[in-house]
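Visitor: I am new to this structure. Please take a close look at its salt bridges and walk me through them.

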Amino acid sequence: AMFFDTGVSRRMSLVPVVDLANHRTPPRRSAMDGELLEPVALGSDGESVALVARSDLRTGEEVCLTYRHEGNGQLLLHYGFAEMICADQPCFETLRLGASSTPLAAALHLGSDEADAAALAALRRHLVDGGAEGEAASALDTGVCSALAAACEAELRRMPTSEEEDARELASLSLSADDAGRRRSALTFRVVQKAQLARVAQMLHSLLACGGAPTAAQ
């Protein structure tokens, strides 16, 4: 089934043949061009559906759709699978930093402009409440950057397995095992989450090294 939102009405429709297409996250260049919408559109008559390729297709090339853009959490919840993020793909993962990993008494979330801004604001308020109000803005931003990097690293340490351990198990899964599909999806989700946490922490440390300040975590 496919969900269509025309801005005037919303509808869920069964679309034979088009429904059979597999999922693929669009490449980063499409994200940068703003072309994140699925290449499927409801006709102006409201009774037809068009599937339009974004570029020329080679003979034998698979036609894919983008089911959702909210990352593996939503793919796993609604479709039962997760995908490994490639270098040319944008990442829409939502990262949760548990309360035990942050200096706050609450969890933080990263993964969108709104969530990143809220996390940075919460950490900044925490530092100000802790006596940093009189510090220069640059020193406060450095403190926020350090606190967020430390929270990402603490979240990684809190997890019972490492990214490398999950990746090794993922590579060793037998395709013939009855539960291989479910296990593969779970491990893929975990690997991508941990890779993103490590990437955010590394990016924040790079900002600290060059004296920059975070405006968004990703």
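**Salt bridges**

Guide: Asp141 and Arg124 meet through their side chains in a salt bridge, at 2.9 Å from N to O; the term stands for a side-chain nitrogen of Lys or Arg within 4 Å of a carboxyl oxygen of Asp or Glu. The pair links distant parts of the chain, 17 residues apart: Asp141 belongs to helix 4 (residues 137-158) and Arg124 to helix 3 (residues 113-132). Helices here are DSSP runs of H or I with at least four residues, numbered from the N terminus. This is a predicted model, in which local features need pLDDT of at least 70 and side-chain atom pairs count only at pLDDT 80 or more, while totals for chains, interfaces and linings use all residues. Residues are numbered from 1 along each chain as its sequence is written, and side-chain values use heavy atoms, with hydrogens and water left out.

Arg124 is partly exposed, at 27% relative accessibility; buried means under 20% relative accessible area, exposed over 50%, and partly exposed in between (1.4 Å probe, protein chains only).

By this rule the count is 5 salt bridges. One of them joins the side chains of Arg158 and Glu155, at 2.5 Å from N to O. Both residues sit in helix 4, 3 residues apart, about one turn of the helix. Arg158 is partly exposed at 46%, whereas Glu155 is buried at 2%.

Another salt bridge pairs the side chains of Arg190 and Asp166, 2.6 Å from N to O. Arg190 lies in helix 6 (residues 180-210) and Asp166 in helix 5 (residues 163-172), so the pair ties together parts 24 residues apart in sequence. Salt bridges with shared partners join Asp166, Arg190 and Lys194 into one network.

Note on methods: Helices (H or I, at least four residues) and strands (E, at least two) are DSSP runs, numbered from the N terminus.
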